[in-house]
Each structure stands twice: as C-alpha cells, then as structure tokens.
Amino acid sequence: MDQMKERFAKLLLGEDMSGGGKGVSSALALSNAVTNLAASIFGEQGKLAPMAPERKARWRKEMDWLLSVTDHIVEFVPSQQKSKDGTNMEIMVTKQRKDLLVNIPGLRKLDTLLIDTLDNFGEEQEFWYVSKNDDPENESSRREGKWWHPKVKVPPNGLSETSRKWLLSEKEAVSQVLKAAMAINASVLSEIEVPESYIDSLPKNGRSSLGDSIYKSITVEYFDPANFLSSMDLSTEHKVLDLKNRIEASIIIWKRKMHHKEGKSSWGSAVSIEKRELFEERVETILHLLKYRFPGLPQSSLDISKIQDNKDIGHAILESYSRIIESLAFSILSRIEDVLHADSLAQSSSSNSDDDATRLSSAETPTLLDFMGWGIDPLKRSSIDMENLFKVDSDKKTSKPPLSPTPRPPIPELSDN
C-alpha cells in the first residue's frame with residue numbers, strides 16, 4: 001500500500017515533488033513511470049536466464065497499478081435497454097476506449113510470452129556465461145562496446161542439433177513478438193499529433209533536410225530502396241539514426257506542403273503534387289525498411305518530441321508499454337543470436353581443426369613423389385647434386401609405404417563439469 005501511494009503521488013504531482021505545479025503532464029508522468037519501471041526490472045537482464053521471482057512479482061504488481069488507469073479511460077457507445085413495460089430504448093453507456101480495449105490485452109500477452117521465453121532457459125542448457133574479465137582466452141567479443149554483458153560459451157564442437165533447432169524456434173517466436181510490438185508502437189505514434197515546436201525547427205524544404213546527395217538519389221526516375229540503402233553509410237547507430245531523422249523531417253515537410261498547396265503559406269511548393277506524393281512514398285518505404293532492419297535504434301527526434309508533448313494518457317501508456325516490450329524482445333533476440341554466433345564459431349573452429357589434422361596425416365604418408373625425391377623444397381634443390389636427386393637406395397626400392405597414416409590419439413570427451 002505504501003508503494004502504491006508513492007507511485008500515484010508522483011503521478012499526481014507530475015514528478016514535481018515540491019508541489020509547486022511545475023511538474024510534467026499526467027501523460028508524460030505515466031510514460032516515464034512505465035519506462036523507469038522497465039529499466040529497473042530488465043536493465044540487468046544481460047543473459048538468457050529466468051527472471052528472479054521477486055523481480056517478476058514486482059513487475060507484475062506495479063504494471064497492474066499503472067495499467068489500472070486505462071480501465072477508467074472510456075467512451076460513450078449506444079446500447080439497447082429494455083424498460084419495465086417491455087419497450088426497447090437506446091441509451092448511451094460507457095465502455096473502455098476502443099484502442100485500449102484492443103491493444104492492452106494484446107500487449108499483456110506479448111509481455112507474458114517474453115517472460116515465459118526467459119523461463120524456458122531455466123533448464124540445463126548446452127551453453128553458459130562467463131565474465132569477460134574471467135575469460136582466459138580473452139577473445140574479441142561481438143559486442144565490444146557492451147562490456148557489462150557476460151560472454152557466452154559453448155562446447156568446443158558447438159551445440160547439438162537438437163539444442164540448435166530449439167534455439168532457432170525460440171528466435172522465431174521472439175521475432176514475431178518484436179514485430180507485433182513494433183507495429184503497435186508505430187500505430188500509436190502515428191496517431192499522436194506532431195508538436196508545433198518540432199515543426200518550427202524544420203527547414204522549409206525537403207531537400208535541405210535530406211541533403212543534396214540523398215535528395216538526388218530519392219528523386220531519380222528509377223528508384224530502388226534496397227540499392228539506396230546499400231549505397232548509404234550505415235556503419236554506426238548514429239549514422240542510421242541521423243538518416244531516420246532526416247527522412248522523418250522530409251515527410252513532415254512534404255505533407256505540410258501538400259496541405260498548404262492552395263494557400264500562400266511559405267510552406268507552399270513549386271513541385272507538382274504527383275511528384276511530391278511519389279517522393280513521400282519512396283521515403284516512407286525507406287523509413288519502413290530502416291525500422292525493421294535496425295529494430296534496436298534509439299528514438300528519433302520526432303518520436304521524442306511527440307512523447308514529450310503528448311497529452312493523451314491512453315496513447316502515453318500504449319506507446320510506453322509497446323516500446324519496452326519491443327526493447328525486451330530485441331534484447332532477448334540479441335542474446336539468442338550471440339549463442340548461435342558462438343556456436344557457429346565453434347563449429348568452424350572444429351571443422352578447421354579436423355581439416356588440418358587430415359592434411360597433416362596425409363602429409364605424413366609417403367607417396368611416389370617422396371620416393372623419387374620430388375618432394376624436396378625447390379629452394380634447396382640448387383644445393384643438391386642432380387645425380388643424387390634421381391638416385392634411389394636399394395633398400396628403398398624393396399620397402400613398402402605404410403597403408404594408413406599413424407592414428408591420432410582420441411579427443412577426450414568433455415565432462416559434465
């Protein structure tokens with residue numbers, strides 16, 4: 001009860017604990033509360049393992065508190081009521097708002113699926129984690145910047161086929177959750193009005209926003225979005241986010257130009273409406289590809305501006321809840337890919353070792369060339385008498401080469417420890 005009082009006090013005060021009325025809006029306070037709760041619960045989830053029972057219980061309890069607000073966001077809908085004399089009459093009744101009625105149960109289900117996925121890794125697995133400081137091999141990690149994540153290890157020969165197939169099925173399931181959460185989040189953000197403060201910060205034309213080179217690539221006669229992305233430098237997260245910000249800004253600019261096409265506003269455009277619509281369609285395709293190719297990107301400038309300026313509490317809860325589910329799904333997906341990557345490296349290393357051993361074994365087996373002396377290093381042939389090069393010992397003529405290479409000692413099996 002004390003925890004509940006504290007949470008709702010912060011919401012009512014708009015996070016201004018001085019009570020001076022300088023707090024944020026209720027929508028932003030709720031959005032921040034959901035985001036901060038998720039950070040405290042899932043921030044330490046650096047490996048594939050079940051959540052601690054106390055953290056799981058806290059997540060369920062406090063999310064129920066925050067989501068309880070949506071039970072009281074209603075709209076009027078017509079309904080039939082039968083009076084005492086048997087006549088039917090139409091009245092207006094309250095019902096939970098349609099977008100909340102549809103999406104909140106769906107997000108709860110996605111939430112449960114992800115936590116159940118983590119619980120599935122509670123059983124004994126064929127991979128394990130070690131601290132990077134305790135790793136004796138000191139190999140370079142795929143996520144060198146994320147030093148706080150433990151490093152995944154697999155057996156020398158890689159995972160078994162059964163374990164690998166199970167991991168791939170879990171990866172596919174989490175991918176579907178990620179796509180669903182991204183779709184809900186994108187839908188909610190599209191319904192939030194673009195703030196005037198964001199519009200005022202934009203240049204007056206899309207070319208200035210995109211830059212000359214990007215603008216020329218988008219406005220060519222024959223446009224291929226895949227070729228466009230392949231020609232862009234997307235080597236870092238910062239560069240991808242910068243491209244996303246430029247594209248979103250150009251979409252807003254072009255939409256406003258078409259809206260003001262008949263007025264004398266400075267947003268008016270000299271380009272035809274047909275071309276403007278074509279350009280907008282192309283950049284929206286690029287934006288869609290960017291979102292699904294880089295699902296773990298930070299929020300764009302437009303998204304941040306919408307979240308901070310939004311006053312609709314229902315939208316605030318849907319956006320923040322879908323965003324943290326998207327983030328958790330992406331995190332789990334990355335951890336699964338780390339295991340599969342380690343397995344791939346182990347398989348490749350094991351295969352190379354077998355090939356090297358086979359080549360070494362075959363090299364140790366005498367051949368006809370060895371008996372004739374043609375296997376001598378060509379750099380040393382000049383120092384060898386040519387008469388001796390083709391001379392064959394009498395005992396060599398009668399000897400027979402071994403039929404098989406010297407057997408290698410068996411590779412010891414790994415213990416369960």
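1. Start with helices α2 and α3. Helix α2 covers residues 26-42, and its axis comes within 10 Å of the axis of α3. The two axes cross at roughly 175°. Angles over 145 degrees count as roughly antiparallel, so α2 and α3 are roughly antiparallel to each other. Keep in mind that this is a predicted model.

2. Which residues of α2 and α3 make the contact? From α2 come Leu-30, Ala-33, Val-34, Leu-37, Ala-38, Ser-40, Ile-41 and Phe-42. From α3 come Arg-55, Arg-58, Trp-59, Glu-62, Met-63 and Leu-66. By class, the contact of α2 with α3 has ten nonpolar residues, one polar and three charged.

3. Now turn to α3 and α4. Helix α3 spans residues 53-67. The axes of α3 and α4 come within 13 Å and cross at roughly 175°. That angle makes α3 roughly antiparallel to α4. On the α3 side, the contact uses Lys-56, Trp-59, Arg-60, Asp-64 and Leu-67. On the α4 side, it uses Ile-104, Arg-108, Asp-111, Thr-112, Ile-115 and Asp-119. The contact of α3 with α4 has four nonpolar, one polar and six charged residues.

4. Check the length of α4. This helix runs over residues 98-120, which is 23 residues.

5. Look at which parts of α4 are buried. The buried residues are Asp-99, Leu-100, Asn-103, Ile-104, Leu-107, Leu-110, Asp-111, Leu-114, Ile-115, Thr-117 and Leu-118. Here is a rule to read that list with. An α-helix has 3.6 residues a turn, so residues three or four places apart point the same way.

6. Leu-318 sits in helix α13. Its relative accessible area is 1%, so Leu-318 is buried. Beyond its sequence neighbours up to four places away, Leu-318 touches Asp-99, Leu-100, Asn-103, Ile-104, Leu-107 and Val-188. The C-alpha atoms of Leu-318 and Thr-70 are separated by 9.5 Å, though the two residues are 248 apart along the chain.

7. Is Asp-343 buried or exposed? With 2% relative accessibility, Asp-343 counts as buried. Asp-343 is in contact with Val-154, Gly-158, Leu-159 and Arg-164, leaving aside neighbours within four places in sequence.

8. Val-240 lies in helix α10. At 1% relative accessibility, Val-240 counts as buried. Not counting residues up to four places away in sequence, Val-240 touches Leu-234, Leu-290, Phe-294 and Leu-297. Val-240 and Leu-297 are 57 residues apart in sequence. In space, their C-alpha atoms are 8.1 Å apart.

9. Next come the aromatic rings. A pair of aromatic rings is described by the distance of the centres and the angle of the planes. The whole structure holds seven aromatic pairs. One of them joins Phe-121 and Phe-127. Their ring centres are 6.3 Å apart, with 65° between the planes, so the pair is edge-to-face, a label for angles over 60 degrees. Both Phe-121 and Phe-127 are buried.

10. Another pair joins Trp-254 and Phe-279. Their pair is tilted, at 6.1 Å centre to centre and 50° between the planes. This pair links distant parts of the chain, 25 residues apart. Trp-254 is in α10 (residues 237-259), while Phe-279 is in α11 (residues 273-293). Trp-254 counts as buried at 0% relative accessibility. Phe-279 is buried as well, with a relative accessible area of 7%.

11. Some rings form a cluster. Ring pairs link Phe-121, Phe-127, Tyr-129 and Trp-166.

12. Finally, step back to the whole protein. How many helices and strands does the protein have? There are 16 helices and four strands. Of the 417 residues, 35% are buried. Among contacts with a separation of 6 or more, 73% come from residues 24 or more positions apart.

Definitions and conventions
Residues are numbered from 1 along each chain as its sequence is written. This is a predicted model: local features need pLDDT of at least 70, side-chain atom pairs count only at pLDDT 80 or more; totals for chains, interfaces and linings use all residues. Side-chain values use heavy atoms; hydrogens and water are left out. Buried means under 20% relative accessible area, exposed over 50%, partly exposed in between (1.4 Å probe, protein chains only). Contact means heavy atoms within 4.5 Å. Rings of Phe, Tyr and Trp (its six-membered ring) pair if their centres lie within 6.5 Å; planes under 30 degrees apart count as stacked, over 60 as edge-to-face and the rest as tilted. Helices (H or I, at least four residues) and strands (E, at least two) are DSSP runs, numbered from the N terminus. The expected span of a helix is 1.5 Å times one less than its number of residues. Axes are lines fitted to C-alpha atoms, for helices over the stretch in contact, and angles run from 0 to 180 degrees between N-to-C directions. Angles under 35 degrees count as roughly parallel, over 145 as roughly antiparallel, 65 to 115 as roughly perpendicular and the rest as oblique. Ala, Val, Leu, Ile, Met, Phe, Trp, Tyr, Cys and Pro count as nonpolar, Asp, Glu, Lys and Arg as charged, and the others, Gly among them, as polar.
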